[in-house]
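Here is a short briefing to read alongside the sequence and the model. Please keep both in view as you go through the points.

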Amino acid sequence: MRIEIRAVGRLRAGPEKTLLDDYLARAGAAGRSLGITSLTFAEVEEKRRLDGAALKTAEAALLKTSLPKGAYLVALDERGRAEPSEAFAARLGRWRDNGVGDLAFVIGGADGLAPSLREEADHLLAFGPMTWPHMLVRVMLAEQLYRAVSIMAGHPYHRA
């Protein structure tokens, strides 16, 4: 299974970028023995000055064109399902075991995702009811992916 993360906006050099790169590298390395052949991250950015719904629609189009055709789509959204790390790890394992070839996580911009992209998603995932900065959500997702593959591999990183 290939895991793709696509996010709106550019994360500049700094502590968040350092954490993101670290967790992506850890998750990618740990996942290889579990049948996760790649973990990639890419950012998209709308350059036009748009507002509100028009901006979210343009960002959704950029996200969609950056994804592999036929990918299983997971949208990070506050209306999604928040679940414990163990349940997320089990879900990731089921997706892999059920033959999902490309698993794509999408993270919207500061204003969130366009409703059309949320509706197209196969699964909505939330990190609880709090609102999180979209730049930090990418770090949180990378960490949870690393935690999930650690749980799947029986590694002691996750101490629940």
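Leaving aside neighbours within four places in sequence, Phe105 is in contact (heavy atoms within 4.5 Å) with Ile3, Glu4, Ile5, Arg6, Val74, Leu76, Phe88, Trp95, Leu125, Leu141 and Leu145. The model is a predicted one, in which local features need pLDDT of at least 70 and side-chain atom pairs count only at pLDDT 80 or more, while totals for chains, interfaces and linings use all residues. Residues are numbered from 1 along each chain as its sequence is written, and side-chain values use heavy atoms, with hydrogens and water left out.

**Nonpolar cores**

- Phe105 is also among the residues with the most contacts inside the largest nonpolar core, together with Ile3, Leu92, Leu103 and Leu145; this core has 32 residues.
- A nonpolar core here is a set of buried Ala, Val, Leu, Ile, Met, Phe, Trp, Tyr and Cys residues joined through side-chain atoms within 4.5 Å, where buried means under 20% relative accessible area, exposed over 50% and partly exposed in between (1.4 Å probe, protein chains only).
- At least two residues of this core come from each of strand S1 (2–8), helix H1 (15–32), strand S3 (72–81), helix H3 (85–97), strand S4 (102–107) and helix H5 (134–153); helices (H or I, at least four residues) and strands (E, at least two) are DSSP runs, numbered from the N terminus.
- H5 gives the largest share of this core, eight residues.
- Another core, of 14 residues, lies apart from it and includes Ala75, Ala114, Leu117 and Ala121.

**Ile107 in strand S4**

- Ile107 lies in strand S4 and is buried, because its relative accessible area is 2%.
- Between Ile107 and His134 there are 7.0 Å in space, C-alpha to C-alpha, although they are 27 residues apart in sequence.
- Beyond its neighbours within four places in sequence, Ile107 has contacts that include Ile5, Val8, Leu63, Leu76, His134 and Leu141.

**Helix H2**

- Which residues of H2 are buried? They are Leu55, Ala58, Glu59, Ala60 and Leu63.
- These buried residues pack against S1, strand S2 (38–44), S4 and helix H4 (115–120).
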